[in-house]
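Walk through this model one site at a time. Keep the 3D view open as you read.

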Amino acid sequence: MHAPHTYDYAIVRVVPRVERGEFVNAGIILSCDVERFLEARIDLDADALRALDAHADLDLIENTLATIPTICAGGANAGDLGRLSARERFHWLVAPRSTMVQTSPVHTGRCVDLPAVLDHLMSTMIRRTV
């Protein structure tokens, strides 16, 4: 059994009308330096977004959200950001912004199974149950 490692995560939020400050949680960015792990998962609830702003530009928002996992993966597909280390990419992604796509403050935890933690965070923080 592996020893637990510390990880950091942030919740990706969509704020369709920044002046109102209302948001829909849309994904998780998870980083672990020791394991050289950086991954994001996105799952936007378009109905919840439309409830906040019926005129939100869904295509623009979905395209913006789609760049986050690409930046996490790094490499040529991520452009200039892809050349940064995983930790630098994480910090760039979670830097405060006043745009439609923002992140929560960074939270920390410990685990032995990073993909399982990412699944758990998606199910508890992002996906809505009926």
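Start with D8, which lies in strand β1, spanning residues 5-14. The model is predicted. D8 has a relative accessibility of 14%, so this residue counts as buried. The cut-off for that label is under 20%.

What do the side chains of D8 and R87 form? They are joined by a polar contact of 2.6 Å. The side chain of D8 also has a polar contact of 2.9 Å with the side chain of T108. Now widen the view to the contacts of D8, setting aside neighbours within four places in sequence.

Next, turn to the helices. Two packed helices are described by the angle between their axes and the distance between the axes. For α2 and α3, the angle is about 160° and the axes are 9 Å apart. Angles over 145 degrees count as roughly antiparallel, and α2 and α3 therefore fall in that class. Which residues make the contact? From α2 come I68, I71, C72 and A73. From α3 come R89, W92 and L93. By class, six of these residues are nonpolar, one is charged and none is polar.

Finally, look at the loop between α2 (58-73) and α3 (86-94), where G75 lies. Is G75 buried or partly exposed? Its relative accessible area is 38%, so G75 is partly exposed. Now locate R20, which is 55 residues from G75 along the chain. The C-alpha atoms of G75 and R20 are separated by 36 Å.

Key. Residues are numbered from 1 along each chain as its sequence is written. This is a predicted model: local features need pLDDT of at least 70, side-chain atom pairs count only at pLDDT 80 or more; totals for chains, interfaces and linings use all residues. Side-chain values use heavy atoms; hydrogens and water are left out. Helices (H or I, at least four residues) and strands (E, at least two) are DSSP runs, numbered from the N terminus. Buried means under 20% relative accessible area, exposed over 50%, partly exposed in between (1.4 Å probe, protein chains only). A polar contact is a pair of N or O atoms within 3.5 Å; within protein, one must be able to donate a hydrogen and the other to accept it, and residues adjacent in sequence count only if both atoms are side-chain atoms. Contact means heavy atoms within 4.5 Å. Axes are lines fitted to C-alpha atoms, for helices over the stretch in contact, and angles run from 0 to 180 degrees between N-to-C directions. Angles under 35 degrees count as roughly parallel, over 145 as roughly antiparallel, 65 to 115 as roughly perpendicular and the rest as oblique. Ala, Val, Leu, Ile, Met, Phe, Trp, Tyr, Cys and Pro count as nonpolar, Asp, Glu, Lys and Arg as charged, and the others, Gly among them, as polar.
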